[in-house]
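Subject: Structure handover

Hi,

Here is the structure for you to look through. My notes follow below it.

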Amino acid sequence: MASRQHINTGRSQSQSQGSENRLFIKGGKIVNADGTEDADILIEEGIIKEIGKNITLPGGIRTIDAGGKLIIPGGIDPHTHLQLPFMGTKSVDDFYIGTKAAIAGGTTMIIDFVIPEKRESLHDAYKKWRGWADKKVCCDYSLHVAVTWWSPEVKEEMENLVRCQGVNSFKMFMAYKDVLMVKDHELYEIFEHCKKLGAIAQVHAENGDIIAENSKRVFSAGITGPEGHELSRPEDVEAEATHRACVLASQVNCPLYVVHVMSKSAANVIAAKRQEGCVVFGEPIAASLATDGTNYWNQCWRHAAAHVLSPPLRPDPTTPGYLMDLLAQDDLQLTATDNCTFTHEQKKMGCRDFRKIPNGVNGLEDRMSVIWEKGVHEGKMDASRFVAVTSTTAAKIFNLYPKKGVIAVGSDADIVVWDPEKTRTISAKTHHHATDSNIFEGMTCHGVPDYVICNGRVCVDQGQLKAVQGFGKFVSRKPFAPFVYDSLKEKDEKKKASMIPVQRSGFDGEMVSKTTTSKQSQHSTTNGDGNKPSNGEGSQATNGSGEDQTNVGRSNGSGIPTGPDSSSNSRSTVKLHAPPGGHSSGFW
Ligand SMILES: NC(=O)NCCC(=O)O
Ligand SMILES: [Zn+2]
Ligand SMILES: [Zn+2]
């Protein structure tokens, strides 16, 4: 077990107002990500005060009997979209309904995404989200901010969000072309900036350019239904973007977090990149772990459309099991939901054109049960790994640990008393979401929360939901999360050490001479003695990409002629000399 020490959680007396003052949980088995322990828990003022046996109890305390049950840290869902304005409508789970559903299922904290429109101030968008969420959330929450456009102002705003607003994660879209997508060179610069700020970069990894073309082609072929969604965004398109994001991030040693991993091939990219030493985290979601893309071919349009999200679920029915295997062995690291719910009425916007079906599915209420069922009950992972992938790892990556994500003295009392044997059958008829469908409809899961405690308040009491609107608080997150940034130090040092120029004695002869005529250009390249080299390699003046630059008069560095030499009709000889400092690349 991790060392259990007092920590300052930052929740003030007044913040914990309304929580039951004291609570005692006895007789259960505490499960943390690093081990289990049979012990009782004393909670005061929303904080875990003592863990052990034979705790001396103060008077007036409520006791919860957890005999035969597991006591686990409340789930943390690091990927939700509550009341998100999106695709001409708004997701129906707002911050009240969404967090209530979360608590009903054993999740006690969410991290939602601020998504500014292009050219909208990031700070204004952040304030807007705070205005929506603060008064509604039933459990604690935090915010990632999406970078949907790039400019010096955005760069500055990112810095302010990190310094002053408790944001340490930024998400970039490689899809949703012309709406949210950023280009590769922007992504590179954003990654570089995230690294400087000590933030974690998140990506929605799909190739937006290809999707734009594919979806036109699929639609023109007469496919208008939800299956067109998957056909236009096959898994290669996800895997390619995942690989590209890893490559770009590793150029600047920026930690990368790939949201909603939906396919085997994208998951394989992440596993391979981690093997290579990249600091990259993969987040499969409840949907990709428990259902599949065959649903898009369902005869019922309503059923099929309810499963539309991006990237799509994959038609290969072995995908969920494969992703769960990778999650169990830490090739993928944690789980989320991407909860972004739309009713059938809203989904109908795309009844004649799959491109207009609002993208998004449920998951917030069911993630814990679904992952217990498919992961633990099916024997793929133990209870401690379950805690890691549903709570602790999110807390560590997003720098909430040990305030959240662990049952330890000093931590917030976000606790679930979990009955691993009890079952429930998921249905839209009984769920707490505002939507009228559920992608896990009919699935029976072992693992049900008997009690859910948020900051010391019992919000599920013997299975009864008692969530309180506005009880949750915004949680600030500091940059440079040790879990993420400690492992980067060594990489940074190695990279720095490799950035040493070769010390050469210099070059004193003629490098290149070139003869041009009016109709055709010829060049001859000489070594210092004026002889032609025996092969072409290294003999031509190149820009490093193999492009011949010898006919470039004055160059702008991109290989495009800018000076009079290139347009000269006269016969001329151009001599290129080594730049000062002894570098002899032949091009500068
Ligand atoms: N995933 C999805 O389909 N909707 C929510 C927005 C996003 O995460 O891409
Ligand atoms: Zn996304
Ligand atoms: Zn999302």
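His260 is buried, at 2% relative accessible area. Buried means under 20% relative accessible area, exposed over 50%, and partly exposed in between, with a 1.4 Å probe and protein chains only. His204 counts as buried too, because its relative accessibility is 1%.

This is a predicted model: local features need pLDDT of at least 70, side-chain atom pairs count only at pLDDT 80 or more, and totals for chains, interfaces and linings use all residues. Residues are numbered from 1 along each chain as written, chains are lettered from A and ligands numbered from 1 in written order, and side-chain values use heavy atoms, without hydrogens and water.

What do His204 and His260 coordinate? His204 (ND1) and His260 (NE2) hold the zinc ion (ligand 2) at 2.1 to 2.2 Å. Donors are N, O and S atoms within 2.8 Å of the metal (3.2 Å for Na, K and Ca); water is not among the atoms, so sites may look incomplete. The pair links distant parts of the chain: His204 sits in strand S14 (residues 200-204) and His260 in strand S15 (residues 256-261), 56 residues apart. Strands are DSSP runs of E, at least two residues, numbered from the N terminus. The zinc ion (ligand 3) lies 3.6 Å from the zinc ion (ligand 2).

Now ligand 1. A polar side-chain atom of His204 is 3.1 Å from one of its oxygen atoms. A polar side-chain atom of Asp338 is 2.6 Å from a nitrogen atom of ligand 1.

Best wishes

Key
Helix = DSSP H or I, 4+ residues; strand = E, 2+ residues; numbered from the N terminus. Polar contact = N/O pair within 3.5 Å; in protein donor to acceptor, adjacent residues only side chain to side chain.
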